[in-house]
Every structure is written in C-alpha cells, then in structure tokens.
Amino acid sequence: MKIAVAKGDGIGPEIMDAVLHIFNAAKVPLTYEFVDMGKWVFDKGFSTGMTPDAQQAIERLGVLFKGPMETPKGKGVKSINVTARKVWNTYANKRVFQTLHGVDTVFSKAGIPIRLTILRENIEDTYGGIEHMLTQDVAVSRRMITRPGCMQFLRYCFNMADKQGARRITCAHKANIMKLTDGLFLECFNEIAREYPHLKADDVIVDDLAMKLVTKPQDFDVICLTNLQGDILSDLCAGLVGGLGFAPSANIGEFISIFEAVHGTAPDIAGKNIANPTSLLLSGLMMLRHLGLWEQAATIENALLHTLEQGIHTGDFGDRSTVSLNTTEFAAAIIANFGKLPATSAVLSQPNHPVELQLVKPTENHMLVSPTHAHETINGVDLFVESAEQPGAVAEKCLRHPGAHFTLTSLSNRGTQVWPTGSVFTNCANVYTARFEKKDVPVTVQSVLDLCARVSADFKVCSYELLLQYGDTRGYSLAQGQ
Ligand code: NAI
C-alpha cells in the first residue's frame, strides 16, 4: 500500500522523519509518496498551498499523512489545513484522548483513567466561513447545518462506535437555543440511533458537557459534535490528558482521509530536533488501523506506552528533574522497546486485515437529491433593513408597504422583538428584522421580491430570508418575546 506524505512546515519534517523511522523499524508494510504541501509551497506562488502534482497524488492514493502546516498571515488567505479538509470532504474529524502514563494530569494523579473519542463534523457550521457585513456595524455568519451532511457524519460515528464496542455514544448540542440548526443535528442523531438499538445513545447540552468533562470525564466514551463546538471541546479534552502534544487526529472522508497531529508548526522550536513526535505518532497509529495494519499499530503503541511509563520524555512534558531526550532519541527509545508491554492498558495484537481503499473518483454528487418530500409553503419573509431610527419610526415606515399579500407582524433587533411590543431597555443595532407574514392568500418568491422593492423606497434592504413551512413544520425561528 502506498500513501501520500506531506512533512509540513516548522517542526513538521523533524517529527515526520521520527515517525516514519519508527514505522520502518516496525516493518509497517507501507510505501510513501512525498508531496509538496505547506507554507513553503504557498510562498512559491501556489495559492492553495499545494502543487497540482501533490493534489493529484493525494486523490490517486486516498490517504494523506501530514505534518503541521503554517497558515500564511494576511487577509483572504485560507488555512491550508482547513482547505484540505474541505476540498476532499473529510467530513468526520476523529480525535482519541487517552491517559498516557508518564504524562501527569490531575486525573492520572487521582487514578481516574480517561479514554474519550471526540467526533467532530468537519465541513459545515460556521467553518463554511460564509460571512457578510450587513452594515458597518453588523456582521453576520451563515451557519449552515445540512441533513445530508449530518447523516453522512453521524452514520460514520455510529458505525465506528459499534465497531469499537463503545459503551455510550453521546450527541452534544445546543438545540435548546438553536432549535433548527442544532435541532436538525440532534434529530439526525436520534434517527440513526434507532438503527443501533444495542448502543446506549443519549444527548447532552454542550455547556453541560463542558462541565461534566472536567468533573467526570470517565463517564463518557464517544461524543459527536458539530464543527465549532467540537473544535472547542476537543481542545478541552486534549487538556484533560496532558495537552495538544498527546492528541492525534484523523479526518475521515468517503474517498480521501487525512491523518495529522493537532498541534501547529511550533516555530519557536523548529529546526532544533527537540519537538515531541507523540501526537503525530498517535495519528499515524490511527492511520495504520484505518488501513487495517493492526499488528504494527499494536507493537508501536505498546512500545510508546512502555516508553512513557519508563519516564522517558522530550523537553515539553514529564519529570523536569530527569534528562529530556531529543526527537531522534525519543524515537529510538520507542524502537528499543518494541516487543515490550506497558504495565497498564496494553493493546492486544491482532493480525493485519489490509483494507481495500475506495479509489474510484466520484462522478456525481449524491448528496444533492433530498429523500424528504414534505409540501413547501411560503408563509412570508424576514427583511433585514438598515435603520438608525427607533423601533416605532421603523414600524411606521414598514407599515406603508405590506401591500395586498402581507402583514407586518413584528420587528426584532438582534433576535429580540421590539415592535409591536418590546422593552425600552432592549438595545438595538442598526439592522432590524421586519417580519412580513402572508395574509390568507398564497404568496410566491415574486410577491416577496415585489415587497422587497417597495420597502427599498424607505430602507436599504440588506438581506432577506423566506419563512418556509414543510408540511406542518415551521422552518424558521420566532424572535425572543414573539
Ligand atoms: P503550536 O501548536 O505550533 O505551538 C504552541 C506551543 O506548543 C509552542 O510553544 C510550541 O513550541 C509548543 N508545541 C507545539 N507542538 C509541539 C511539539 N510537538 N513538541 C513540543 N512542543 C510543541 O501553535 P501556534 O504557535 O499557535 O501555531 C503555529 C503555526 O502552526 C501557525 O501558523 C498555525 O496556523 C499553525 N497550525 C497548524 C495546524 C495544523 O497543521 N493542523 C494546527 C494548529 C496550528
């Protein structure tokens, strides 16, 4: 089997060399095609941070093992790491956090073992980066959560939890506030959970989860989250087991998967051969298991755990009163421990079952066609209008324009209703949401556009959203106080 390898920037080449040295010593049956990717490629004028040859190789091989890459500074420059995840639709980010002996934490000292798998949706949410200024004072971000995106991600989560015999799979969300977006994520979770009746599936509000993770992390096993919440909570979990240096990461896609360390390029220590390769090594072990190379993964993991139990460490962790090893020496210490088992949490060795990678190129986008066919009705429209006037004055102007099809039912500002009822204590910014609901007549997108044109006589209409209903279900939220 051949995989693509990008060493990355900063400490990337040092830790990648150390990890590949360990792989070679363990006789991992892989060959590597080194590809050009990173800030240095960006500096050569490739705006995506990778050469066309690198892109072709990764698409041909289906697996990318990568070191950290620097995001060039400056407005409009996208992170190479985020671009890679999105371009190749690696929809599930998997991070495994486990207690490692020799890495002291509050929990390891208290004898509480941690083993958590955090699964984060990797494409959607605010990471779409769809942002606009409506006025000079008001910025909006469109947080898209889609049914096919959630289903694809959550199917992977349940399948993985089932395969690893998880004792619990938990959906974390904020559906009490974001009833439609996080509500959809939770709905999809519950839908798929019914296909796995033998798995204990439950849900928790994300802020409650944050508290529970720092008080009782051992209660959780597999946790599924949307992108931004998952980003924050996975770093919290890294803290529980000793920091980002011990957190591996896999970005799983239908055709292409990316395995990488979660820390950055550590420019402050780059070129000194003192970086800790553990995070990249653990990511590499996830990759070996993804490829069905169980035997070598177990040999290396047991040797790593044994090495850590011996108190061997690089400069960034461990007992400061003992000598720290450099990157090369640390890798050599792990290799010297091949065949040894850790006193606790030894990994059972299993024979290899190399997987057949799906290396076919997709010919069409199968997520476009929706399986849901509820009847759609337009109930009205929310017009986002710029105004520095008080709510009463804005209402007076809006009331000039509803025409025969619509009624102005409310004005809200930053999600709080300010007309027809409201409080003088509510602060307003200079974008109002004027909600026009349809009278007892059918309305079309054209009637909405006509309304928009009429309202434009008095305001700049910055944006609009249709108020849609699917069957009996309302597809829009109510303002607070409405
Ligand atoms: P960083 O993770 O590179 O460094 C933070 C601190 O942790 C530094 O003191 C560093 O020396 C230390 N550190 C990180 N990894 C280490 C290791 N393996 N061994 C020992 N010490 C280690 O984060 P920072 O400084 O915020 O980012 C630097 C660059 O890395 C930025 O350009 C950023 O965009 C990029 N980055 C790339 C990521 C990726 O490729 N997935 C992820 C995070 C950041």
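Predicted model: local features only at pLDDT ≥ 70, side-chain atom pairs only at ≥ 80, totals over all residues.
Let's start inside. In soluble globular proteins, nonpolar side chains tend to be buried together. Here the largest nonpolar core contains 73 residues, and Phe23, Phe65 and Leu154 have the most contacts inside it. Helix α6 is the element that gives the most to this core, contributing nine residues.

Another core, of 22 residues, lies apart from that one; Ile378, Cys398, Ala434 and Leu451 are among its members.

## Helix α7 and its surroundings

Next, have a look at α7, which runs over residues 181–193. Its 13 residues reach 19 Å from the first C-alpha to the last, close to the 18 Å expected at 1.5 Å a residue. Buried positions in α7 are Asp182, Gly183, Leu184, Phe185, Leu186, Cys188, Phe189, Ile192 and Ala193.

What do these buried residues of α7 pack against? Their partners include two helices, α6 (147–163) and α9 (227–240), along with the strands β7 (139–144), β8 (169–173), β9 (201–205) and β10 (222–225). Leu154 gives a residue-level view: setting aside neighbours within four places in sequence, Leu154 is in contact with Phe185, Cys188, Phe189, Ile192 and Cys224.

Val445 belongs to helix α14, which covers residues 445–455.

Is Val445 buried, partly exposed or exposed? Val445 counts as partly exposed because its relative accessibility is 36%, and that class lies between the under 20% of buried residues and the over 50% of exposed ones.

Methods
Residues numbered from 1 in each chain as written. Heavy atoms only, no water. Helix = DSSP H or I, 4+ residues; strand = E, 2+ residues; numbered from the N terminus. Expected span 1.5 Å × (residues − 1). Buried < 20%, exposed > 50% of the residue type's maximum accessible area, 1.4 Å probe, protein only. Contact = heavy atoms within 4.5 Å. Core = buried A, V, L, I, M, F, W, Y, C linked by side-chain atoms within 4.5 Å.
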